Amino acid sequence: MTERTDPRSAPAPHVADSHGLIRVHGARVNNLRDVSVELPKRRLTVFTGVSGSGKSSLVFGTVAAESQRMINETYSAFVQGFMPSLARPEVDVLDGLTTAIVVDQERMGADPRSTVGTATDANALLRILFSRLGTPYVGPPGAFAFNVPSVRASGAITVERGGSRTVKQTFSRTGGMCPRCEGRGTVSDIDLTQLYDDTKSLAEGAFTIPGWKSDSWWTVRTYAESGLLDPDKPIRDYSAREMRDFLHKEPTKVKVEGVNLTFEGLIPKIRKSFLSKDREAMQPHVRAFVDRAVTFTDCPECGGTRLSEAARSSKIQGVSIADACAMQISDLAAWVRGVAEPRLAPLLGTLRDTLDSFVEIGLGYLSLDRPSGTLSGGEAQRVKMIRHLGSSLTDVTYVFDEPTTGLHPHDIQRMNDLLLRLRDKGNTVLVVEHEPETIAIADHVVDLGPGAGSAGGTVTFEGTVAELRSSGTVTGRHLDDRAPLKGTVRKPTGALEIRGASAHNLRDVDVDVPLGVLTVVTGVAGSGKSSLIHGSVPRGAEVVSVDQTPIRGSRRSNPATYTGLLEPVRKAFAKANGVKPALFSANSEGACPECNGAGVVYTDLGMMAGMSTTCEECEGRRFQAAVLEHRLGGRDISEVLAMSVAEAEEFLGAGEARVPAAHRVLRRLTDVGLGYLTLGQPLTTLSGGERQRLKLATHMGDKGGVYVLDEPTTGLHLADVEQLLGLLDRLVDAGKSVIVIEHHQAVMAHADWIIDLGPGGGHDGGRVVFEGTPAALVADGSTLTGRHLAAYAAGGA
């Protein structure tokens, strides 16, 4: 008979087991108001709240930032000098932190040679495999790398050993880079008529290249005053030698007004200035110029594979490394399983695990040669997750930023399983999320609010999901919201005809996208939605495309400058006070001389974390004291920039401060749900969803008749989705055609017309599997989307 142990005599828990909480006390980052929370370790905690309520400030700006800063401090002062310096978050107590691994939605590096394979190390494993097993043998792993050029050199070297003597030496390195396209996979043909007007001379301003002004020292004046060309002769009258120098001359030192400069032919200069950069990373006007002036085609020498002929000639079982990288990853995983070589068992096992992780995470439809700059924010985040899935690390804190972004309802369950797997290995998982399906699996929920911006920043609820439902908070009230299927739909006024679409995985698709209505294009991840709309819409159609690419701008850029709102406000201040508009710009004449209009003074402490302190001269207001004496409607310019959009809309809409041009922009910002943003808030602090809605607000005044929105519900709280649907309705009712690429069931249910692609992703997709109304899609029930929409409409998740 087993003896019962008296629970009172059980041994006391070890003191090391008592540290089960991450304690945050008095957090004041951004809009947080002395927030204090206790987060359970080795559990899944979801942070909810309306957009702008302070979720990211608490999770990323406080917990993750302090963890990473403390890890950096463990390195030597010498090493810290090469690392980005991180300031301590504004918080009283942060206790119980563990190593934080942040998996965010920042787009991956948009380098022209960066691919899915290079970003995940899968290419490195493949290169080793082909260098060991490929026939014929062409060289070490570098011989299969499209980032490594082949190099040969020979010459004399001096060896000083027992006396100096000259020895002839040769050197060679075999790389896999295609010499024609230099590993980019594409070559370009330049239309010279887009670079200059040949009826003009250089002195008359012949160049039509963005940023090349007639007095530009480093570009135009180098050509005009080099002595190699006649600056007063029209370009069409150049001799053959002058034209050759003008277009193709190798870099040559010239002297312009006593300054040594480098003269280079126009075509190589354009290639270096514009074509060496990724198109997606260019500013819109520069991208438009490149689209006009340059035609990109697959490299005729390597066929777009980026690899040299030697690298393509070496094969395993009839497959070259170029063929392997072009395969869909799910197919490549199957091929690798068929490669049996006991000597390379560890390598093959690691490669199989990496490829299986792609499939498991829902990215099996990608190929390793896919440029990383073309991945969506959600795809980029899941690619970053791959290196953590098989990690042996435990007791670390994983921080995710809306991991379900870009996922079809069918794939959300798979993502939930991955989050739970990370937790079950003994890790702390912190997730910022709006999706009810992911909130439902949380062990602990922290809800911030009650509003956004200055109306948020407090914890309105902490507890379980069941307690959240009955809490009465904004999130609790809207957790079970369901948009009804639209009963009566609008009639189209025309159609946008897409014929023979074959971009990426599309299979010669013919489809008519109705105009004058709200059309939703949906389907599982990788089914071809973006390829159909962004890649196949006929040229010439008046399309305004609003996506989630980052807004380029420094910490000096803000919603007022980005939307053009500040220009009429400056003019109104200038007119009311009889002074120049430039005085009311913190980047121009009105800037505080102490901080140069930044509002803060940055102090570089060398190897230690830099300090930023509020400027004592202007007290953070960014303007000279004399400028702040000028008022409009009783307010100075710094007070206007400190207003929220909603406050500014009221202030600039009536009375002495009425500025109609600015009021129109503010109304559009309110319409897209950004009424809580501060006019002077740096753009660098905005989330992906906020960036997209800011772009939408700026484009709402454009003349285009067709709006294409790419997942506009990203970053939107459940309570805000209803407002978005109202905005889409207003756009359609104003005579616009709205095409939305979306997975959110509420948007699908509200559509007039649905185009569903699939049935799967990659080569299992690329076909239109349904066209019709939301009610017809539910009644049909044959597609994954139809079944999930039916469950949603019936009240199930």
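1. Terms before anything else: buried means under 20% relative accessible area, exposed means over 50%, and partly exposed is what lies in between, with a 1.4 Å probe and protein chains only. By that scale E182 is partly exposed, at a relative accessible area of 39%. Its phi is near 55°, a positive value in a residue other than glycine. E182 is found in the loop between β7 (164-173) and β8 (186-190). Helices here are DSSP runs of H or I with at least four residues, strands are runs of E with at least two, and both are numbered from the N terminus.

2. A word on what we are looking at: this is a predicted model, where local features need pLDDT of at least 70, side-chain atom pairs count only at pLDDT 80 or more, and totals for chains, interfaces and linings use all residues. Residues are numbered from 1 along each chain as its sequence is written, and side-chain values use heavy atoms, with hydrogens and water left out.

3. D508 is the other positive phi I'd look at: the value is near 50°, again in a residue other than glycine. D508 lies in the loop between β18 (494-501) and β19 (509-515). With a relative accessible area of 55%, D508 is exposed. For context, most residues other than glycine have a negative phi, and most peptide bonds are trans.

4. On to the peptide bonds. G449 and P450 are joined by a cis peptide bond, with omega about 0°. P450 sits in the loop between β16 (444-449) and β17 (458-463). The bond from G758 to P759 is cis as well, with omega near 5°. P759 belongs to the loop between β26 (753-758) and β27 (767-772).

5. Now the helix pairs, starting with α11 (residues 329-337) and α12 (residues 345-360). They pack at an angle of about 155°, with axes 9 Å apart; axes are lines fitted to C-alpha atoms, for helices over the stretch in contact, and angles run from 0 to 180 degrees between N-to-C directions. That makes α11 roughly antiparallel to α12 (angles over 145 degrees count as roughly antiparallel, under 35 as roughly parallel, 65 to 115 as roughly perpendicular and the rest as oblique). Contact means heavy atoms within 4.5 Å. On the α11 side, I329, S330, L332, A333, V336 and R337 meet L348, L351, R352, L355, D356, F358 and V359 of α12. By class, this contact of α11 with α12 has nine nonpolar, one polar and three charged residues (Ala, Val, Leu, Ile, Met, Phe, Trp, Tyr, Cys and Pro count as nonpolar, Asp, Glu, Lys and Arg as charged, and the others, Gly among them, as polar).

6. Which residues of α11 are buried? They are I329, L332, A333, W335 and V336. Seen down the axis of α11, these buried residues fall within an arc of 160°, so they line one face of the helix; the arc is that of the directions from the helix axis to the C-beta atoms. Their packing partners are α4 (122-133), β12 (315-316), β13 (319-320), α10 (321-326) and α12.

7. α12 also meets α4. The axes of α4 and α12 come within 10 Å and cross at roughly 145°. A122, L125, L126, I128 and L129 in α4 touch L347, L348, T350, L351 and T354 in α12. By class, the contact of α4 with α12 has eight nonpolar, two polar and no charged residues.

8. The pair α6 (residues 240-248) and α7 (residues 266-275) has axes that come within 4 Å and cross at roughly 10°. That makes α6 roughly parallel to α7. F246, L247 and H248 in α6 meet L266, I267 and P268 in α7. By class, the contact of α6 with α7 has five nonpolar, one polar and no charged residues.

9. Last, the region around α28 (residues 784-793), where T785, G786, L789 and Y792 are buried. Down the axis of α28, the buried residues fall within an arc of 125°, so they line one face of the helix. What covers them includes β20 (518-523), α26 (745-750), β26 and α27 (774-780). After α28 comes G795, whose phi is positive, near 100°.

10. D756, in strand β26, is worth a click too. At 1% relative accessibility, D756 counts as buried. Not counting residues up to four places away in sequence, D756 touches T522, G523, R767, V768, V769, F770, L777, T783 and T785.
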